[in-house]
Amino acid sequence: MNYWLVKTEPETYSLDDLARDKKTTWDGVRNFQARSNLKGMKKGDLAFVYHTGDEKSVVGIAEITKEFFPDPKDKEWAAVEIGYKKKLKKPVTLASIKSEKKMANMYLVRAARLSVQSVTKEEFDFVMAMSEA
Amino acid sequence: MRHLRLQIPNYKLEIAHCVLLGVKFVICNLKFVILVFLSFNLSAQISQPARYEHAHKNNDHEFIIISMGEQGLALMRDIEKYENGKKDWEVIFLDSALQEIWSTKIAVQQRMNILGHEYRDGNVYLVFQEPESAGRSVGIFELNLRDQLFKEHLFKPELSIHFTQFSVLKTKAIFGGYINKEPALLQYDLNEEKARIIPGVFQPNVDLVDVRVNSNETFNMLLVEGRSNKSKKLIARTFDANGVMLVEDAIAIEEGKTVLEAISSSLIRDELIIIGTWTYGSTKQAAGIFSVVVDPFHEQKVNYYDFALLNHFLDYFKPKRAAKIKAKADWRRSVGKPPEFRAYLSGIKIEETKDGFSFLGEVYEASYYNSRNSYPYGSNPYYSNPYGFYPYGFSPMPYRYYNNPYYPTPYGSPAQVAEIRMISSSLLFFDTQGKLVSDQSLKFPEIKLSSKEQISDFITHNGFTTMVSKDEKEIQVKVNEKDGTTVKEEKVKPELKNPNETIRSESDDNTGIRAWFGQYFYVYGYQAVRDNVKKTSHDVFYINKVKVD
């Protein structure tokens, strides 16, 4: 299983919206690295949902329910379908992740603006532990 | 009549009462004004707590000064001593009290010229390179302040690179530049002593405008794509320390507009901002400032501000002229015409604060002469002179983009700068979304240079901003509130520490002032100093520590 992180502006589409919708098409990504990551997602992979803007926090987990397909709004780009998995016990902020030395290599720390990022299992577990601490 | 008569004394009483009230009001307000004035003056005192002097003869080379922040300053100069095909350079380290803590000599291949320098994590890196005719080998001296040791690295790039940028990230030296007019990145591993070209960077019709190391062990490369096309893009790439590209973002530049210069922030804040100058047509003069926060979650709309939109940018003109320019610009803006007023503006630096970003730029006038026989680029790094005194140096920042082979004639024929007249410093504040909040300016006295170099700087302290510059004899100080309201202006002479001495003269060529760390600047130059007791004179290179309280 692979782990990912997808970023969203909560005012546009939040984790609560995903919880309400159960599933959604994750489209609108217009960055080449992010597109490559979307294409690398496999059914059953888990993805952190990260709220941008003022929140800047990992807030929940989604599951990849459908592997990549052309973005309905622009066939040049890719989209996936994700399903709601769970809300984290408490949000894990970017600042708290940055303050952890062992997370220095996490994409979120090195290239925060990338909208779809890969996450290692160690990073995934560490963020989960942070959310439960 | 009676009525009038009765009224007259009442008037007198009222007038007397009003006068009394007025006096009370004035006294109260005066007290307030005096309090504010006193409290401000107490909080904007300029002092010079330390001075360093080094004997300097007429034929000595001048020092290059490298700020190490709170660790102090490193000074370096060619001392013209030759042995075994090498020549010696002197390197002196001063602590933040300007006390000498280490002095050493490095022997550099005789044909190599200083190309750049960097301070990072306790090490000073000095870069030298042979000229093209001598093979273009590169030498990097890595001087470790703590152990007081240095190491020399020597390598020859496989391909001939015209270097324009240099920085260091962890154990990797990063060079930006051009190979056959296409941007290139070269990485030299200081541990493994291996150089490699970072793949995937070559691209025709692209200008490299910035390479900057970030606070999170990554670095940014900033490119402008589509030099001569209608569809132009600003491309921000972020790489990890191994040169692996982590993310690339492309931002469309509005049709008809051209980006002249750009600098990126260094991710001290989470957002990456790009600020620079823009124009239209093929002119070398900027029409304004642009800013954009690289954020794929938003429209990534570039904010374009023409100079007349800024509150203080035009302060170097007489008020009537400034008002006329503003009025005309307002009208042209309202009818959708591009701004008519343009100026040469070079970006100096971006600072990141809790409220957003600040950008310092300097306005200048340049007179050019064209030469078909000159170096085929607009500005040869070996002859463009950021320090004003070395004919071959380039500073890794902030003039790195002055060594852009396409600058200052990105589209035109090669041109050489004949004279630079420095006019004004412009300081802009942006919020976290990259929107302009306020601006300030500092008009320079008459300063003429043979090449563009930074002559002003600023620090923020206790809610105030202190902008400074240095002319031949004096430090020009202007203290502003954040909205640009000036609360204090003064001129301060660099102080001598020996009461028996007086300054006879000071060179106007090689002097300057820079923000150092916290509330400190350092001012430097060359003076002839007279000892009034011994009745002798001596020439010195000096650095004074300048504190703003």
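Modeller: Let us begin with B:Glu217, which is partly exposed, with a relative accessible area of 38%; buried means under 20% relative accessible area, exposed over 50%, and partly exposed in between (1.4 Å probe, protein chains only). This is a predicted model, in which local features need pLDDT of at least 70 and side-chain atom pairs count only at pLDDT 80 or more, while totals for chains, interfaces and linings use all residues. Residues are numbered from 1 along each chain as its sequence is written, chains are lettered from A and ligands numbered from 1 in the order in which they are written, and side-chain values use heavy atoms, with hydrogens and water left out.

Biologist: In which loop does B:Glu217 lie?

Modeller: Helices (H or I, at least four residues) and strands (E, at least two) are DSSP runs, numbered from the N terminus. The phi of B:Glu217 is near 60°, a positive value in a residue other than glycine. Strand 14 and strand 15 of chain B form a hairpin with four residues between them, and B:Glu217 is in the turn. The loop asked for is therefore the one between strand 14 and strand 15 of chain B.

Biologist: Over how many bridges do strand 14 and strand 15 of chain B pair, and in which sense?

Modeller: Two strands pair if DSSP finds at least two bridges between them. Strand 14 (residues 206-213) is mostly covered, eight of its eight residues being buried. With strand 15 (residues 218-225), the pairing is antiparallel, over seven bridges.

Biologist: Which strands are at the edges of the open sheet of four strands in chain B?

Modeller: The order of this sheet is 2-3-4-5, with antiparallel pairing. An edge strand pairs on one side only, and here the edges are strand 2 (64-67) and strand 5 (100-109) of chain B.

Biologist: By what angle are neighbouring strands of this sheet turned against each other on average?

Modeller: Axes are lines fitted to C-alpha atoms, for helices over the stretch in contact, and angles run from 0 to 180 degrees between N-to-C directions. For this sheet the direction is ignored, and the average is 25°.

Biologist: Which residue in strand 3 of chain B stands opposite B:Ser67?

Modeller: Strand 2 and strand 3 (residues 73-83) of chain B pair in the antiparallel sense over four bridges. Opposite B:Ser67 stands B:Leu73.

Biologist: Is B:Ser264 buried or exposed?

Modeller: B:Ser264 is found in strand 18 (residues 257-264) of chain B. Contact means heavy atoms within 4.5 Å, and beyond its neighbours within four places in sequence B:Ser264 is in contact with residues including B:Asp210, B:Arg212 and B:Ile350. Because its relative accessible area is 2%, B:Ser264 is buried.

Biologist: Which residues have the most contacts inside the largest nonpolar core?

Modeller: A nonpolar core is a set of buried Ala, Val, Leu, Ile, Met, Phe, Trp, Tyr and Cys residues joined through side-chain atoms within 4.5 Å. The largest has 28 residues, and those with the most contacts inside it are B:Phe307, B:Phe313, B:Phe341, B:Phe359 and B:Phe430.

Biologist: How many residues does the second, separate core have?

Modeller: Among its residues are A:Tyr13, A:Ala78, A:Ala111 and B:Val247. The count for this second core is 24.

Biologist: How many residues apart in sequence are the parts that B:Arg77 and B:Asp60 tie together?

Modeller: A salt bridge is a side-chain nitrogen of Lys or Arg within 4 Å of a carboxyl oxygen of Asp or Glu, and the side chains of B:Arg77 and B:Asp60 meet in one at 3.5 Å, N to O. B:Arg77 lies in strand 3 and B:Asp60 in the loop between strand 1 (46-55) and strand 2 of chain B, so the parts tied together are apart by 17 residues.

Biologist: With which residue does B:Glu362 form a salt bridge?

Modeller: The pair links distant parts of the chain, 90 residues apart, with B:Glu362 in strand 23 of chain B. The closest N and O atoms are 3.0 Å apart, and the partner is B:Lys452.

Biologist: Is A:Lys22 buried or exposed?

Modeller: A:Lys22 lies in the loop between helix 1 (15-21) and strand 2 (23-26) of chain A. Its phi is near 70°, a positive value in a residue other than glycine. Because the relative accessible area is 57%, A:Lys22 is exposed.
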